[in-house]
Amino acid sequence: MRHVDLGARNGPVLLFGGPYSNVQATRALFDLAAAQEIATDHMICTGDVVAYCADPVATVAAIRTSGCTVVAGNCEKQLAADADDCGCGFDAGSTCDRLSVEWYAFARARLNLESKAWMGALPDVVTFAHQGRRYGVIHGGVTDVARFIWSNSERDLFDHEWRVLEAQVGPVDGVIAGHCGIPFIHEAARGPWINAGVIGMPPHDGHQQTRAALLEGGEVSFHRLSYDAAKASQEMIEAGLSRGYADGLLSGYWPSEDILPEALRGASFARG
């Protein structure tokens, strides 16, 4: 396990995940950070820089040029290894399984060896201190980078992953994660488990805006990110990618609802 400690980050820290090859959302996030005077060394990405959308090359370039901190997601690990799939372990025949074959091959063919080498050197875990508390940043789970941990996952799962993390990096007061695509805060036995959400795809709530999180003064707040979703969607169509995720950018709903726990599907989860 590759671990990087950033030391103290006591000013506002912008937390985000899943740029997902959505360069329009990525640039909008950096515009937001600049407007709020958040330096890029106070920005941390929970991984999956590349995924569903049409511009993996420009998205990787924007993230790398910024100098923000990035934790390795399963997409980074798989692309660095030049593997045949994204490593999510989707159920065979599911919508995610079918669509991932296409977007992963699309990204794999376009990224150069230098970008893949950068991905291979990313840390698995990042730690930092903020306002007297220590946080650990991961992608999905500690025991499995592609583990889906939802807001309604079993309490024992949060506790087990937390114990494994602390066995490797020492005590933490909070965990920051990504991967599942939906932001939440779960009060685990040892402290808050914070999923920062993703910026490249809406959180299946019927709105085009995506999500990022701000850690400030020891408190976490979620923020909507507006960007040119119509352009991002059109570029996906022009690139020849299936319309599922392209339509999802506009509708605010995933084409892959079958990956979600029952309670997080459809109207039962939609939020204003």
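**Close-up 1. Helix 2 packs against helix 5.**
Axes here are lines fitted to C-alpha atoms, for helices over the stretch in contact. The model is predicted. Two packed helices are described by the angle between their axes and the distance between the axes. Helix 2 covers residues 56-66, and helix 5 covers residues 113-120. Their axes lie 11 Å apart, at an angle of about 55°. That angle makes helix 2 oblique to helix 5. The crossing of helix 2 past helix 5 is left-handed.

**Close-up 2. Residues where helix 2 meets helix 5.**
Helix 2 brings Val60, Ile63 and Arg64 to the contact. Facing them in helix 5 are Glu114, Ser115, Trp118 and Met119. What kinds of residues make up this contact of helix 2 with helix 5? The contact has 4 nonpolar residues, 1 polar and 2 charged.

**Close-up 3. Phe128 and Tyr135 form a stacked aromatic pair.**
The structure holds 8 aromatic pairs. One of them joins Phe128 and Tyr135. A pair of aromatic rings is described by the distance of the centres and the angle of the planes.

**Close-up 4. An aromatic cluster.**
Which residues form this one aromatic cluster? Tyr20, Tyr52, Trp103, Tyr104 and Tyr245 do.

Terms used. Residues numbered from 1 in each chain as written. Predicted model: local features only at pLDDT ≥ 70, side-chain atom pairs only at ≥ 80, totals over all residues. Heavy atoms only, no water. Axes fitted to C-alpha atoms, helices over the stretch in contact; angles between N-to-C directions. Helix = DSSP H or I, 4+ residues; strand = E, 2+ residues; numbered from the N terminus. Parallel < 35°, antiparallel > 145°, perpendicular 65-115°, else oblique. Left-handed = near helix turned anticlockwise from the far one by under 90°. Contact = heavy atoms within 4.5 Å. Nonpolar A, V, L, I, M, F, W, Y, C, P; charged D, E, K, R; others polar. Phe/Tyr/Trp six-rings, centres within 6.5 Å; stacked < 30°, edge-to-face > 60°.
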